[in-house]
Amino acid sequence: METQFQQEPKVSFFQTTTAKMIMVGILTLVLIIPLALVQELIVERSQRQKEVITETTSKWGNSVYFYGPILKVPYKDPLSGANNYAYFFPETLNNKTEVTMVKPLERSIYKSNVFTTKMQFDGNYTTPNFASKGIPAENIYWNRAKILIRTTNLKSLKDEVKMKIGNQNLAFESVANSTNDSIESLETNYFDYKTLENNTKFNFTISFNGSKQVKMVPIGKTTDAKVTSNWNSPNFNGNFSPISREIKDNGFEANWKILHFNRPFAQNYFEVLPELGKYAFAVDFITPVDEYQQNERASKYGFLVIGLTFLIFFLIQSISKINIHIFQYSMIGIALIMFYTLLISITEHSTFSFAYLIAGASVIIMISLYSISILKDRKFPTFIGISLSVLYTFIYVIIQLEDYALLVGSIGLFLILAAVMYFSRKIEWNK
């Protein structure tokens, strides 16, 4: 009696689960190339936006920088006989700055945020002390005193600048820059400081068109400054932080009080006036995360989206024994890449949220319909559509978060790993 043994047909390596998993992995790595090209496109468009914004804002007005008012008195050095200048800072300096964001400047699809400023100053000077330098009274030319203001934005001044000091009214004029830096100067005509009769109180208003930043050097022995604006996302930086701030949906208000012993510079200088911009306080009028930054952050999750989508199809293929060709994986991968090109192109003409919704819905519907023809069933395509919807929603939430992005992302990835481990526990990997 013969016993016949029926042998199982030999399965080719390329038909095994391991081989299919390797091919899907290689395809995932290959798709990094078009994904990287899309990321380069986003960077290129972002750079183009910055160039356009720089060009348009340069015509309206750049960052506003203010260093003054400084009392400038000429004198004759008793040793060398040379004529020099002495520079004296105010005893008190009070400032109220109102910054109003106006309608953005538009060029093509790009918008530039710009503002107008109204800066009101008042304060007083003390009697200048030349005795510390051994300069006799007859060597001081009080009748040739001037008031000096240093700034970077003369071309965007909106009105004439006039100061009242004591009983005198002074008008400022622009003067040639004697240094090689980008700081420009305004000076008054000569006036006789002695005629003020110790009444050195001053006040003046200066208005700029500007963009990006307002920056001020606290040269008063006591400097009080208040900045208000209708912009709701300020960034306070520079060498000093405000002592109080209030930020609301319709704007902000911030206050500074800086004393002379809070800063490492003196109240007067002889011969050379130093540039003290590094000791200034500033407010940046920023857009926290613009559309291109959001697109860039979304594209960084592209590899994760492709990998998890392929993993879902691979698990369905392994569980249902339905064969999915590598070409079909390629079409799904290209559709996932198209999400990012749709996202950036729609964002440039709308908002990021609207573009994300349209691009995400389009890709999810396309892949779900395509998977119906692949899987010959409606149950699995429905699961794929729901899974992709959850994945894209999860990534959108991470993009919007800042402080908690890492925490939420880590928890989400942990839950995804747990789900993959659960659904893959019964797959026979040896076939």
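Guide: Here are some questions and answers about this chain. The model is predicted, so local features need pLDDT of at least 70 and side-chain atom pairs count only at pLDDT 80 or more, while totals for chains, interfaces and linings use all residues. Residues are numbered from 1 along each chain as its sequence is written, and side-chain values use heavy atoms, leaving out hydrogens and water.

Visitor: What share of the residues is called buried?

Guide: Buried means under 20% relative accessible area, with a 1.4 Å probe and protein chains only. Of the 431 residues, 44% are buried.

Visitor: Why is a set of residues called a nonpolar core?

Guide: The name applies because its members are buried Ala, Val, Leu, Ile, Met, Phe, Trp, Tyr and Cys residues joined through side-chain atoms within 4.5 Å. The largest here has 64 residues, and Phe130 and Trp256 have the most contacts inside it. Another core, of 47 residues, lies apart from it and includes Tyr292 and Ile337.

Visitor: Which residues is phenylalanine 130 in contact with?

Guide: Contact means heavy atoms within 4.5 Å. Leaving aside neighbours within four places in sequence, the partners of phenylalanine 130 include Val73, Phe88, Trp142 and Phe270.

Technical notes
Buried < 20%, exposed > 50% of the residue type's maximum accessible area, 1.4 Å probe, protein only.
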